[in-house]
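These notebook entries record what I looked up in one structure. The sequence and the model come first, and the entries follow.

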Amino acid sequence: MASNRRQHPRYLKELPVMAELPDGRQLNGTTYDLSCNGACIRVDYDLPSGARLMVELNPPSASKGELYTLWASVLHSRPHRLSTCNLGICYAHPPTHYLQLIERLAAE
């Protein structure tokens, strides 16, 4: 049996996500899971490991118009169904209000 190398627990949660690349391209998708320091997001575009992106989350439990904006790097990309990819991403410096969101998700 393989050991779980994750440092933080993952919470299965589908949330709308928008990812913006340094060249301005925007990718819309959903999260598959979230943790304190990363996520798995599903988008229609494959990105290489090391690619940098800005991720915006707008969870339904957030205050109206509240966005969670995080800088991230792609750790890996894996094909999903049809033309989508699962991107494993790691956040550069998650802000405190994002960590509070993860705590709320853990309590659900």
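**Entry 1. Cys90.** I listed the contacts of Cys90, leaving aside neighbours within four places in sequence, and found Asn37, Gly38, Trp71, Ala72, Ser73 and Leu75; contact means heavy atoms within 4.5 Å. Cys90 is found in strand β7. Helices (H or I, at least four residues) and strands (E, at least two) are DSSP runs, numbered from the N terminus. For Cys90 and Ser73, 17 residues apart in sequence, I noted a C-alpha to C-alpha distance of 5.4 Å. Cys90 is partly exposed at 28% relative accessibility; buried means under 20% relative accessible area, exposed over 50%, and partly exposed in between (1.4 Å probe, protein chains only).

**Entry 2. Basis of the values.** The model is predicted: local features need pLDDT of at least 70, side-chain atom pairs count only at pLDDT 80 or more, and totals for chains, interfaces and linings use all residues. Residues are numbered from 1 along each chain as its sequence is written, and side-chain values use heavy atoms, with hydrogens and water left out.

Entry 3. How many disulfides does a search of the whole structure find? The search returned zero, a disulfide being a pair of cysteine sulfur atoms within 2.5 Å. I also looked up Cys36, which is partly exposed with a relative accessible area of 26%.

**Entry 4. Chain overview.** Along the sequence the pattern reads β-β-β-β-β-β-β-α. Of the 108 residues in the protein chain, 37% are buried. Among contacts with a separation of 6 or more, 50% come from residues 24 or more positions apart. The accessible surface of the chain is about 6700 Å², with 52% of this belonging to carbon and sulfur atoms. Accessible areas come from the Shrake-Rupley method with a 1.4 Å probe, and for residues only the protein chains shown count as cover.

**Entry 5. Nonpolar core.** Which residues of the largest nonpolar core touch the most other members? I recorded Leu34, Ile41, Leu57, Ile89, Tyr91 and Tyr98, out of 25 residues in that core. The elements giving two or more residues to this core are β2 (16–20), β3 (26–34), β4 (38–43), β5 (52–57), β6 (68–79), β7 (85–91) and α1 (96–107). A nonpolar core is a set of buried Ala, Val, Leu, Ile, Met, Phe, Trp, Tyr and Cys residues joined through side-chain atoms within 4.5 Å. I then followed Tyr98: not counting residues up to four places away in sequence, Tyr98 touches Leu34, Ser35, Cys36, Gly38, Leu57, Tyr68, Leu70 and Tyr91.

**Entry 6. Salt bridges.** Asp33 pairs with Arg10, with 3.2 Å between the closest N and O atoms. This pair links distant parts of the chain, since Asp33 is in strand β3 and Arg10 in the segment before β1 (11–12), 23 residues apart. Asp33 is buried at 7% relative accessibility, whereas Arg10 is partly exposed at 27%. The other entry is Arg25 with Asp23, at 2.8 Å from N to O. There, Arg25 is partly exposed at 37% relative accessibility and Asp23 is exposed at 52%.

**Entry 7. Gln26.** I located Gln26 in strand β3. Not counting residues up to four places away in sequence, Gln26 touches Met18, Ala19 and Glu20. With Glu20, the side chain of Gln26 makes a polar contact of 3.5 Å. A polar contact is a pair of N or O atoms within 3.5 Å; within protein, one must be able to donate a hydrogen and the other to accept it, and residues adjacent in sequence count only if both atoms are side-chain atoms. Gln26 and Val55, 29 residues apart in sequence, have their C-alpha atoms 9.7 Å apart.

Entry 8. Is Asn86 buried or exposed? Asn86 counts as buried, at 15% relative accessibility, and belongs to strand β7. Its side chain joins that of Arg42 in a polar contact of 2.9 Å. Not counting residues up to four places away in sequence, the residues touched by Asn86 are Cys40, Ile41, Arg42, His76, Ser77, Arg78 and His80. Arg81, in the loop between β6 and β7, is exposed with a relative accessible area of 61%. The C-alpha atoms of Arg81 and Arg42 are separated by 9.8 Å, at 39 residues apart along the chain.

Technical notes: A salt bridge is a side-chain nitrogen of Lys or Arg within 4 Å of a carboxyl oxygen of Asp or Glu.
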